[in-house]
Amino acid sequence: MASSSSMTESSYPVTTRQAASTTQGLESSLSRPTESRRKRPSSKDDSALIERLKSGDQEALKAIVDLYSSKLYNVAHRILGEVADTEEVIQDVFWTAYRKAKTFRGTAQFSTWLYRLTVNAALGKIRRSKKTKEVEYEEFLPKFQEDGHHLVRPVVDWSNTLDENYAKQETQQFLKEALDQLKSVDKSVVVLSDLEGLSDKEIAAALGLTVSAVKTRLHRARLFLRGKLAVSLGHSAA
Amino acid sequence: MAKRNSRQIRLTNKTCRQMTDLVFDYLNDKLSPSTKRDFQQHLRICPDCVNFLNTYKKTVSVTRSIRPEEIPPKVRNNILNFLRRRVRKSATSS
């Protein structure tokens, strides 16, 4: 949709001085969500368990289920959306880990290997079932004029009104539904990054993508989610 | 107002479209010093990009606040039972 003039939602209300003052505090980097997430076991814990697993120690398998079942369930359930499918995927992942422990060389972290098995199994299940709720992103992405300015101006800052309009649970439910509309691989990237706190490098290893591809997918998915939130509040996604 | 704003934004070396492409690396503190300087210079005069950045950050923070799904105890037991059966079966067949 090309346009030579900007579409406006209302008159342009924020002055340059206001813009400058509003940028204060924007320099802070986004920290990973590790503080709010279950901690991953240390690689030292993992190494000892893997050695026991390689020798067929069934107690080690149970210990690994205890350590990882919640995390892997969270990832698989977010991707698949159904408990029965998730259970099937997780039990296959642990069985594969038990059978193939001897092939694990330790070039990647054990947790990354488990995430990789989980995401691949979940994505495979989606491909086979051909059930998909994916939508086209375009409608919810920012749009620009030919000269590079935002197409719809002013861009409304709804960051403070989101909490006023929705209870926390409502926002979370809305976001979960929006997540379900992402392409499966993009959803996996968002889940591993923003919900599980993995680094871009770990996600790349888990999904068999380049780090650059992970960043691109994550950014695009966030733009889509941002657009969905904006529209839900009565503003333009653009 | 809009015309003056357009002129100013052109002077910052970055368009709003480019700003949108850079926001991911900006928030992860991965921009080169000169690109970061251009980015911040644009923010100082472009309220639209300030508002875009605020809403992008809010989107990330609310996504990160989604509570993890807890594994139902029944599912965990089913998984353990499945693994016990498989281990037993493989032990008897080998």
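Helix axes are taken here as lines fitted to C-alpha atoms, for helices over the stretch in contact, and the angle between two of them runs from 0 to 180 degrees between N-to-C directions. In this predicted model, the axes of α3(A) and α5(B) come within 11 Å and cross at roughly 145°. The crossing of α3(A) past α5(B) is right-handed. On the α3(A) side, the contact is made by Q58(A), L61(A), K62(A), V65(A), S69(A) and Y73(A); α5(B) contributes V75(B), R76(B), I79(B), L80(B), L83(B) and V87(B). Sorted by class, this contact has eight nonpolar, two polar and two charged residues.

Stepping back to the two chains, 48 residues of chain B are in contact with 58 residues of chain A. Two or more residues on the chain B side come from each of α1 (2-10), α2 (16-27), α3 (33-45), α4 and α5 (73-93) of chain B. Of these elements, α4(B) gives the most, with 16 residues. The chain B side that touches chain A has 25 nonpolar, eleven polar and twelve charged residues.

Helix α4 of chain B also turns up in the surroundings of α8(A). Helix α8 (residues 184-195) of chain A has twelve residues and reaches 15 Å from its first C-alpha to its last, close to the 16 Å expected. Ten of its twelve residues are buried, so α8(A) is largely enclosed by the rest of the structure. Among the buried residues are V189(A), V190(A), V191(A) and L192(A). The buried residues of α8(A) pack against α3, α5, α7, α9 and α10 of chain A, together with α4 (47-64) of chain B. Just after this helix, G197(A) takes a positive phi of about 80°.

Terms used. Residues numbered from 1 in each chain as written. Chains lettered and ligands numbered in written order. Predicted model: local features only at pLDDT ≥ 70, side-chain atom pairs only at ≥ 80, totals over all residues. Helix = DSSP H or I, 4+ residues; strand = E, 2+ residues; numbered from the N terminus. Expected span 1.5 Å × (residues − 1). Buried ≥ 20, exposed ≤ 12 C-beta atoms within 10 Å, placed from the backbone. Contact = placed C-beta atoms within 7 Å. Nonpolar A, V, L, I, M, F, W, Y, C, P; charged D, E, K, R; others polar. Left-handed = near helix turned anticlockwise from the far one by under 90°.
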